[in-house]
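Q: I would like to learn how to read the features of a helical model. Could we go through some of them in turn?
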Amino acid sequence: KDKLGILDFIFIAIYFLIVASIAYFSGRKSREDSNSYFLGGRSIGWMAIGASLFASNISAEHFIGLAGSGATSGLAVGQFEWLACFILLLLGWLFVPVYLKTGVFTMPEFLEKRYNRQCRTYLSAVSLIAYIFTKVSVAIYAGAIVLNTILGWNIWFGAIVLIVATGAYTIFGGLKAVVYTDLFQAFVLIAGGVILTTLAICKADGLMTLTQKVSPDFFNLWKSMDHPDFPWTGILFGAPILGIWYWCTDQMIVQRTLATRKVSDARRATVMAGFLKILPVFILVLPGVVGRVLYPDVKPNEMYATMVNNLLPTGIKGLVVAALLAALMSSLASVFNSSSTLVVMDFYKKYRPDASEKTLVRAGQVATVMLVVIGLLWIPFIGFMNEQLYVYLQSVQAYISPPIAAVFLEGLLWKRANGKGAFLALMCGFMLGAVRLITEIGVKAKWI
């Protein structure tokens, strides 16, 4: 494994310095009231929101997972990325106008206004649990592994640096700091991905040579019904449900669009994010296909790190590592900020309805500190995590998403949908999802 040179570390140091500067100057006035801290004063520009939607979505597991899937199955995994382009338009034209009209801070708050308090409490609790036990843990695990593989950092040290650095600017500046650092980080991770893809294709003697060295099926997005990973039936009927839940009802994503000045700005942001979501197929999945040719003996999940270590010259490697750090930090910052918003607006404010604006901001900062501490407490369990557990944690989202997506869609499209029916749908969906997850784990572990 090639070590980083001095020039690489200079690039990484410059990256951290720029992120810290952006967070400081953009978040200075965010502690005046809850609207500023949690929603950026509803005055953030559409370009920053669009970039933040993209950067929040792309994390270390995208770099590792998409390249690994590209090496294993070709470009088919890119269907999820391109499907997001259309789901984002649904967010901008169907969901956001209603969210902005109701003036909500959180998605559970919208459910209370549309249905009842029970639905709000359920979604708040499920979202927080899912964020802590899936998004935070997965981000820390994936980030620590990436930093260990490429930088050679000790897993514990890498995880601590990642959590503390991200938590610091999230606590200080609120959503505005998160969004404007995302704007910078989005272009860093795009630049890093473009550089690696270009060098990899050149190393493989061009795209024409590449198409001759791998199976033609690798470039076929539409797979057969019996394909183990990407059957067309699952993509056509299953993926849109997961997409609507994630892009249109998940607090981490939607909170950004709530920070816009008006509906037209939110729509511009979703269009921009949709165009950016075209890129991962070319800068993350395609490198995996190239890696299959260049390094046929490398494990799929190690493909991206192997290409970074072997293909990039000194200096450029530092830029790509900065891109990976950008992906890691933007996603983790989004989880911290969205979770603190849920804690304050859906729980703390319920018990202290007369709390002042500054008290709410302080509560948000304390909540973020608690999340950072929880993240640090997760570190000892990283050693017990493996690829199988990683997959289980990711799959939890697929099992809780259908009832949530259904309740939101019914609330927007069907006037007769009521609170009792919505809560029953959420509970039944949750129990069915839990049974499905436990059964799957039992079958794979040969308990059943």
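Q: What span is expected for α4 at 1.5 Å a residue, and how far does α4 reach from its first C-alpha to its last?
A: This is a predicted model, and the values here are computed from it. Helix α4 has 14 residues, and 20 Å is expected at 1.5 Å a residue. From its first C-alpha to its last, α4 reaches 20 Å, close to that expectation.

Q: How many of the residues of α4 are buried?
A: A residue is buried when its relative accessible area is under 20%. By that cut-off eleven of the 14 residues of α4 are buried, and the helix is mostly covered. Among them are Glu-61, His-62, Phe-63, Ile-64, Leu-66 and Ser-73.

Q: Which residue follows α4, and what is its phi?
A: Gly-74 follows α4, and its phi is positive, near 90 degrees.

Q: Where else is phi positive, in a residue other than glycine?
A: Arg-42 is one of these, with phi near 50 degrees. Arg-42 sits in the loop between α2 (34–39) and α3 (46–57). Asp-205 is another, with a positive phi of about 70 degrees although it is not a glycine. The place of Asp-205 is the loop between α8 and α9 (207–213). Its relative accessibility is 55%, so Asp-205 counts as exposed.

Q: What do the end C-alpha atoms of α1 say about its span?
A: The same length check applies. At 1.5 Å a residue, the 22 residues of α1 should span 32 Å, and the end C-alpha atoms are 31 Å apart, which agrees.

Q: Which residues of α1 are buried, and where do they lie around the axis?
A: The general idea is that an α-helix has 3.6 residues a turn, so residues three or four places apart point the same way. In α1 the buried residues are Asp-8, Ile-12, Tyr-15, Val-19, Ala-23, Ser-26 and Gly-27. These residues cover an arc of only 90 degrees around the axis, so they lie on the same side of α1. On the other side of α1, Ile-6, Leu-17 and Phe-25 are exposed. The cover over the buried residues of α1 includes α8 and α15.

Q: At what angle do α1 and α15 pack, and how far apart are their axes?
A: A packed helix pair can be described by an angle, a distance and a handedness. Helix α1 (residues 6–27) packs against α15 at about 35 degrees, with the two axes 7 Å apart. The crossing of α1 past α15 is right-handed.

Q: Which residues meet in this contact of α1 with α15?
A: On the α1 side they are Asp-8, Phe-11, Ile-12, Tyr-15, Phe-16 and Val-19. Among those they meet in α15 are Ile-316, Lys-317, Gly-318, Leu-319 and Met-329. The residues of the contact of α1 with α15 comprise twelve nonpolar, one polar and two charged.

Q: How many residues of helix α14 are buried, and what covers them?
A: Eight of the nine residues of α14 (303–311) are buried, and the helix is mostly covered. Met-303, Tyr-304, Asn-309 and Leu-311 are among the buried residues. Their cover includes α4 (60–73), α7 (117–150), α8 (155–203), α13 (280–294) and α15 (316–351).

Q: Is Lys-277 buried or exposed?
A: Relative accessibility has to be checked residue by residue. For Lys-277 it is 2%, so this residue counts as buried. Lys-277 lies in the loop between α12 (263–276) and α13. Leaving out residues up to four places away in sequence, Lys-277 touches Phe-54, Asn-57, Ile-58, Glu-81, Trp-82, Ala-84, Cys-85, Leu-88 and Trp-247.

Q: Is Thr-257 buried or exposed?
A: Thr-257 has a relative accessible area of 0% and is therefore buried. Its place is in helix α11 (residues 251–257). Not counting residues up to four places away in sequence, Thr-257 touches Ile-49, Leu-53, Leu-91, Val-96, Leu-100, Ala-266 and Thr-270.

Q: How far apart in sequence and in space are Ser-264 and Trp-46?
A: Ser-264 and Trp-46 are 218 residues apart in sequence, and their C-alpha atoms are 8.8 Å apart in space. Ser-264 is in helix α12 and, at 31% relative accessibility, counts as partly exposed. For Phe-86 and Phe-275, 189 residues apart along the chain, the C-alpha separation is 9.8 Å. Phe-86 belongs to helix α5 (residues 78–102) and counts as exposed, at 61% relative accessibility.

Key. Residues numbered from 1 in each chain as written. Predicted model: local features only at pLDDT ≥ 70, side-chain atom pairs only at ≥ 80, totals over all residues. Heavy atoms only, no water. Buried < 20%, exposed > 50% of the residue type's maximum accessible area, 1.4 Å probe, protein only. Helix = DSSP H or I, 4+ residues; strand = E, 2+ residues; numbered from the N terminus. Contact = heavy atoms within 4.5 Å. Axes fitted to C-alpha atoms, helices over the stretch in contact; angles between N-to-C directions. Left-handed = near helix turned anticlockwise from the far one by under 90°. Nonpolar A, V, L, I, M, F, W, Y, C, P; charged D, E, K, R; others polar. Expected span 1.5 Å × (residues − 1). Arc of directions from axis to C-beta.
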